Amino acid sequence: MKKGILVIMSILIVISVFSTTLTVYTYESLNWVEDKVLKEFESMYGCDVNLVKLGDGGSVLSRLLLEKKNSKADVVVGLDQSLSVKAIKEGILEKYTPINISKINNKDLILNDYTVPYDYGGIAFVYNPKTLKTVPTSFEDLTKLNKKIIIQDPRTSSTGQSFLLWTIAVYGDNWQDFWKRLKPAILTVAPGWDESFSKFEAGEAPIMVSYATDGAYSYQYYKSTKYKAFIPKEGAYVQIETASIIKNTKNEELAKRFIEFLLMNNFQKEIPLNQWMFPVTNTTLPESFKYAIIPEKIVSVDSEKISKNMETWLEQWEKIMY
């Protein structure tokens with residue numbers, strides 16, 4: 001009888017710990033998790049998840065910086081390696097190593113003690129072969145196009161910021177000169193990836209900054225390579241998307257369980273056909289991913305250099321573009 005009472009008490013304690021609402025800040029295009037996987041997490045821990053969608057990754061960081069130590073979020077999902085540097089520097093994130101971190105195949109994806117990777121993918125250019133007859137092979141080839149490229153704003157978009165860092169990785173201290181040459185080739189600077197892809201699909205321009213998995217997307221939905229992707233010969237920049245616990249959260253234990261949930265198979269298996277990125281764990285990829293480009297050469301920018309210079313780089317980019 002006493003043993004039965006102890007079991008009931010243990011269940012009640014678990015329920016009392018996790019019967020709450022977990023607030024997760026993320027970007028708009030992660031809305032697929034509401035229909036596919038969040039209910040499973042809520043059922044596992046007897047809680048509710050309040051998914052707050054804030055445009056692109058840059059918008060998520062802006063909200064965190066605005067709220068600072070009084071953030072309403074418990075967890076943030078969607079800061080990549082450049083955006084997370086700022087969040088760490090500002091003391092917004094809490095250190096945490098999930099108990100299932102060994103599920104991550106490539107340990108190079110683990111950047112620090114504050115962020116946990118859940119997907120990754122190379123930045124690339126996607127184009128419509130029907131409207132772009134001559135495909136560029138280098139960054140310099142891109143400068144010869146006239147108002148044909150859609151990019152994302154690095155001040156508000158994680159994809160846009162990754163593209164800026166890609167050019168810095170390739171050109172070093174001469175990156176501003178490259179952007180001055182590239183500017184006439186740019187048709188639109190969109191606030192985020194969603195907006196840029198909508199413009200691209202509407203035929204406003206034949207080429208846009210996107211991801212190396214876009215060939216897989218095209219095959220999955222059109223059963224053909226309606227859209228193709230390429231990476232310039234200078235090399236690819238790989239974006240690593242991460243999740244973190246917000247410092248001083250009142251739901252720390254539940255936040256930890258959520259981070260661990262992102263590495264579980266039921267979440268990771270949904271990434272390829274929803275995120276159009278590569279999962280970080282050993283997950284079977286769909287057939288369409290044979291059309292995704294695997295980068296042969298990777299370029300990068302040191303995280304310390306990003307931390308010290310990102311704000312200055314954004315200001316310099318703004319002066320060139322506007």
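How many bridges pair β5 with strand β8 (residues 207–211), and in which sense, parallel or antiparallel? Figure A gives the answer, after two short notes. This is a predicted model, in which local features need pLDDT of at least 70 and side-chain atom pairs count only at pLDDT 80 or more, while totals for chains, interfaces and linings use all residues. Residues are numbered from 1 along each chain as its sequence is written, and side-chain values use heavy atoms, with hydrogens and water left out.

**Figure A. Strand β5 (residues 116–127) and its partners β8 and β9.** β5 and β8 pair in the antiparallel sense, over five bridges. Two strands count as paired if DSSP finds at least two bridges between them. Helices (H or I, at least four residues) and strands (E, at least two) are DSSP runs, numbered from the N terminus.

**Figure B. Strand β5 with β10 and β11.** Six bridges pair β5 with strand β10 (residues 238–246), again in the antiparallel sense. Y120 has I240 as its bridge partner in β10. Strand β11 (residues 278–279) runs antiparallel to β5 and is joined to it by two bridges. In this pairing, D119 is partnered by P279. Is β5 buried or exposed? Eleven of its twelve residues are buried, so β5 is largely enclosed by the rest of the structure. Buried means under 20% relative accessible area, exposed means over 50%, and partly exposed lies in between (1.4 Å probe, protein chains only).

**Figure C. Helix α7 (residues 158–171) crossing helix α14 (residues 303–321).** The two axes come within 12 Å and cross at roughly 100°. Axes are lines fitted to C-alpha atoms, for helices over the stretch in contact, and angles run from 0 to 180 degrees between N-to-C directions. α7 and α14 are therefore roughly perpendicular to each other, the word used for angles of 65 to 115 degrees (under 35 is roughly parallel, over 145 roughly antiparallel, and the rest oblique). From α7, Q161, L164, L165 and I168 meet I306, M310, W313, L314 and W317 of α14. Contact here means heavy atoms within 4.5 Å. The residues of this contact divide into eight nonpolar, one polar and no charged. Ala, Val, Leu, Ile, Met, Phe, Trp, Tyr, Cys and Pro count as nonpolar, Asp, Glu, Lys and Arg as charged, and the others, Gly among them, as polar.

**Figure D. A salt bridge between E311 and K86.** Side chains of opposite charge can pair when their charged atoms come close. A salt bridge is a side-chain nitrogen of Lys or Arg within 4 Å of a carboxyl oxygen of Asp or Glu. The structure holds 15 salt bridges. In one of them, the side chains of E311 and K86 meet at 2.2 Å, N to O. E311 lies in α14 and K86 in helix α5 (residues 83–89), so the pair ties together parts 225 residues apart in sequence.

Figure E. E253 and K256 form a salt bridge, with their closest N and O atoms 3.5 Å apart. E253 is partly exposed at 37% relative accessibility, whereas K256 is buried at 17%. E252, E253, K256, R257 and E260 are linked in a network of salt bridges.
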